[in-house]
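Here is a short briefing for a first look. Take the sequence and the model together, then read the points below.

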Amino acid sequence: MKEHFVDIHTHGKSEFNPFSVRNLLVKEVALFFDSEEHRFCSVGIHPWYADQENPEELTSLFCYASDKRWTAIGECGLDKNISVTFAVQKSIFERQISFSESLKKPLIIHCVGYFNELLEIRNRLRPSQLWIVHGFRGKPELAKQLLKTGISLSFGEKRNAASVSVTPIDRLYVETDESLLPVEQFYLEIAKIKNCRPEDLDAGKKLLNLTGF
């Protein structure tokens, strides 16, 4: 049986990989759900656009919540390297955490430079849904700190091998994000670091309920 490698976060259409989670902008959502596209998706407001998007627009999309293609909320989060104020970013992020909880969908998180703030928000709100920090490149000390609080990590083209090493397989996800390389390549590279078979990296399959594949 052909192995299916799940890509939990991509901005590309990846026609060759139906087991990828395409990140959608709010304006793209209605067209996607009204189509016959056999793909998974995540929907959210990126912190880069936190001062341009209205979270009420996300609320209007709840009519699609039962569509099994809608896998997660996000990407959303916090970014220290942009001009949008932290207060605005935090407000939009916390609103999407609320959506994640009410819709019972995992949260795909973009976080740059605000990890202490991210942990404060998590400790204060105590969410029940899965949180995944995507595209993690940080050091193993930070990885351990996030993992200790229950946050999972996703790794892509640029990664810290030591952080991959300390991440348990059941908390480790793989993504392409904006890379043009196939996700299979990242599975092979990460499996080598973890000293396991690529197919053992099955957290993504469980996320998409593909355990029978």
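Buried means under 20% relative accessible area, exposed means over 50%, and partly exposed lies in between (1.4 Å probe, protein chains only). By that scale, aspartate 202 is partly exposed, at 23%. The model is predicted: local features need pLDDT of at least 70, side-chain atom pairs count only at pLDDT 80 or more, and totals for chains, interfaces and linings use all residues. Residues are numbered from 1 along each chain as its sequence is written, and side-chain values use heavy atoms, with hydrogens and water left out.

**The sheet**

- Helices (H or I, at least four residues) and strands (E, at least two) are DSSP runs, numbered from the N terminus.
- Two strands pair if DSSP finds at least two bridges between them.
- Eight strands form an open sheet with parallel pairing, in the order β1-β2-β3-β4-β5-β6-β7-β8.
- The edges belong to β1 (7-10) and β8 (172-174); each has a single partner strand, so one side of each is left without a neighbour in the sheet.
- From one strand to the next, the twist averages 30°.
- Strands β6 (residues 131-133) and β7 (residues 152-155) run parallel and are joined by two bridges.
- Isoleucine 132 has serine 152, in β7, as its bridge partner.

**Helices on the sheet**

- Contact means heavy atoms within 4.5 Å.
- Axes are lines fitted to C-alpha atoms, for helices over the stretch in contact; angles run from 0 to 180 degrees between N-to-C directions.
- Helix α1 (residues 26-33) lies across β2 (20-24), β3 (40-43) and β4 (70-79). Helix α1 runs at about 130° to β2.
- Helix α7 (residues 183-194) packs on the sheet and touches β1, β7 and β8. The direction of α7 makes about 150° with that of β8.

**Salt bridges**

- A salt bridge is a side-chain nitrogen of Lys or Arg within 4 Å of a carboxyl oxygen of Asp or Glu.
- The structure holds eleven salt bridges.
- Arginine 69 meets aspartate 67 in one of them (2.8 Å, N to O). Arginine 69 is buried, with a relative accessible area of 15%.
- Glutamate 199 and arginine 197 form a salt bridge (3.6 Å, N to O). Glutamate 199 is partly exposed, at 33% relative accessibility.
- Lysine 206 pairs with aspartate 202 in a salt bridge, with the closest N and O atoms 4.0 Å apart. Lysine 206 is partly exposed, at 46% relative accessible area.
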